[in-house]
Amino acid sequence: MALTLYVDTARWRAHHKHVQEQFPGLVPVCKGNGYGFGHERLAEEATRLGSDILAVGTTYEAARIKDWFGGDLLVLTPYRRGEEPVPLPDRVIRSVSSVDGVYGLVGARVVIEVMSSMKRHGISEQDLPQLHAAIENVRLEGFAIHLPLDRTDGSDAVEEVIGWMDRLRAARLPLHTMFVSHLKAEELARLQQQFPQTRFRARIGTRLWLGDHDATEYRGAVLDVTRVAKGDRFGYRQQKAASDGFLVVVAGGTSHGVGLEAPKALHGVMPRAKGVARAGLATVNRNLSPFVWGGKQRWFAEPPHMQVCILFVPADAPEPKVGDELVAHLRHTTTQFDRLVDR
């Protein structure tokens with residue numbers, strides 16, 4: 001009995017090919033928990049796509065994935081002097097976001113990140129004159145820019161990239177390759193047309209692996225079902241059942257990521273109102289679970305346990321049976337499955 005990730009493999013891979021066709025020179029990204037699929041599986045899929053390079057989050061991820069992927073590995077976290085050394089093969093490329101970082105990687109293959117409107121990390125325009133001397137002792141693979149997802153000020157992503165291309169060109173720095181993130185296919189095509197001598201390579205993770213929501217589905221197996229009457233006490237905290245119904249023990253708990261949720265940016269009145277309503281219900285121990293039964297998301301009977309959840313299903317709903325599977329609406333990047341089934 002398990003929390004299972006089901007994958008419609010043919011559909012999933014067809015989506016990969018579609019994204020690859022939209023973004024020539026695509027650089028697949030495999031970081032974190034492998035977008036819910038695991039590093040080994042995504043390394044296999046990147047190989048299937050014929051990718052010559054795979055982007056990973058950290059040096060530790062690169063050390064693990066190097067045995068599963070035979071091409072180049074681009075580490076996205078910028079190098080910092082004094083970081084713990086991790087033994088890596090020469091095919092690993094390091095991202096750098098400071099002139100000092102470039103000087104610290106003598107002989108290494110590097111991609112230099114420029115500061116975008118994200119304001120997360122990257123070299124500034126004032127750093128450019130110092131780069132000429134710094135890049136003499138490294139193998140420069142290109143520059144990179146990481147763009148924001150939303151542009152609430154109405155600015156143009158392409159114009160932001162063009163601005164940096166002009167600065168780099170004015171500084172007479174090599175512009176053979178530019179790695180970009182969070183551009184649309186038509187935006188990438190515009191850039192490629194304007195700068196035909198530069199190869200633009202889109203680093204894509206979420207859109208590639210998770211872009212077709214209907215290609216994957218989580219399901220938790222029912223382990224036990226206990227009928228309860230209104231007022232019956234149950235669980236660790238011996239709460240009272242609010243009405244007649246069923247306590248349903250389903251596979252999937254905090255160790256799988258169930259009940260854990262990354263903060264979301266809310267836009268508009270309705271999403272904010274729903275957020276306030278959820279917070280209010282939580283204060284009286286009413287929390288909606290990600291599990292669906294009888295066409296409705298069901299409430300947690302109590303907070304998730306480590307490997308299972310106990311749900312409350314009211315008596316007017318169909319009675320679940322041991323062995324049934326409940327669809328679970330879970331976020332891939334925070335979920336660990338027990339098993340993955342291709343179908």
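**Entry 1. A pair within helix H6**

I began with Arg169 and Asp166, which lie three residues apart in helix H6 (residues 157-170) and are therefore separated by about one helical turn. The model I consulted is a predicted one. In it, Arg169 forms a salt bridge with Asp166, and the closest N and O atoms are 2.9 Å apart. I then looked up the accessibility of both partners. Arg169 is partly exposed, its relative accessible area being 49%. Asp166 also counts as partly exposed, at 35% relative accessibility.

**Entry 2. Other salt bridges**

I looked up the total and found 24 salt bridges. From these I selected the pair of Asp212 and Arg11, whose closest N and O atoms are 2.7 Å apart. I recorded Asp212 as buried, because its relative accessibility of 17% falls under the 20% limit. Arg11 is partly exposed, with a relative accessible area of 37%.

I next examined Arg219, which forms a salt bridge with Glu217 at 2.8 Å between the closest N and O atoms. Arg219 counts as partly exposed at 22% relative accessibility, and Glu217 likewise counts as partly exposed at 23%.

I also noted a network of salt bridges that links Arg13, Arg41, Glu44, Glu45, Arg48 and Asp342.

**Entry 3. Helix H1**

H1 has 14 residues and reaches 20 Å from its first C-alpha to its last, close to the 20 Å expected at 1.5 Å a residue. I listed its buried residues as Thr9, Trp12, His15, His16 and Val19. Seen down the axis of H1, these buried residues fall within an arc of 130 degrees, so they line one face of the helix. On the other side of H1, I found Ala10 and Glu21 exposed.

I then asked which elements the buried residues of H1 pack against. They pack against strand S1 (3-7), H2, strand S9 (199-204), H8 and strand S18 (339-342).

**Entry 4. Positive phi values**

Tyr35 has a phi near 55 degrees, a positive value in a residue other than glycine. I located Tyr35 in the loop between strand S2 (27-28) and helix H2 (39-48). Lys119 is not a glycine either, yet its phi is positive, at about 55 degrees. I placed Lys119 in the loop between strand S6 (109-114) and helix H5 (128-134).

Is each of these two residues buried or exposed? Tyr35 is buried, with a relative accessible area of 6%, whereas Lys119 is exposed, with a relative accessible area of 67%.

**Entry 5. Annotated span**

Finally, I consulted the UniProt record, an unreviewed entry, which lists residues 8-153 as "domain: Alanine racemase N-terminal". In the model, the end C-alpha atoms of residues 8-153 lie 39 Å apart. I recorded the composition of this span as 29% helix and 20% strand.

How values were computed. Residues are numbered from 1 along each chain as its sequence is written. This is a predicted model: local features need pLDDT of at least 70, side-chain atom pairs count only at pLDDT 80 or more; totals for chains, interfaces and linings use all residues. Side-chain values use heavy atoms; hydrogens and water are left out. UniProt positions are given in the numbering used here, feature names are shortened, and annotations may be inferred rather than shown by experiment. Helices (H or I, at least four residues) and strands (E, at least two) are DSSP runs, numbered from the N terminus. Buried means under 20% relative accessible area, exposed over 50%, partly exposed in between (1.4 Å probe, protein chains only). A salt bridge is a side-chain nitrogen of Lys or Arg within 4 Å of a carboxyl oxygen of Asp or Glu. The expected span of a helix is 1.5 Å times one less than its number of residues. The arc is that of the directions from the helix axis to the C-beta atoms. Contact means heavy atoms within 4.5 Å.
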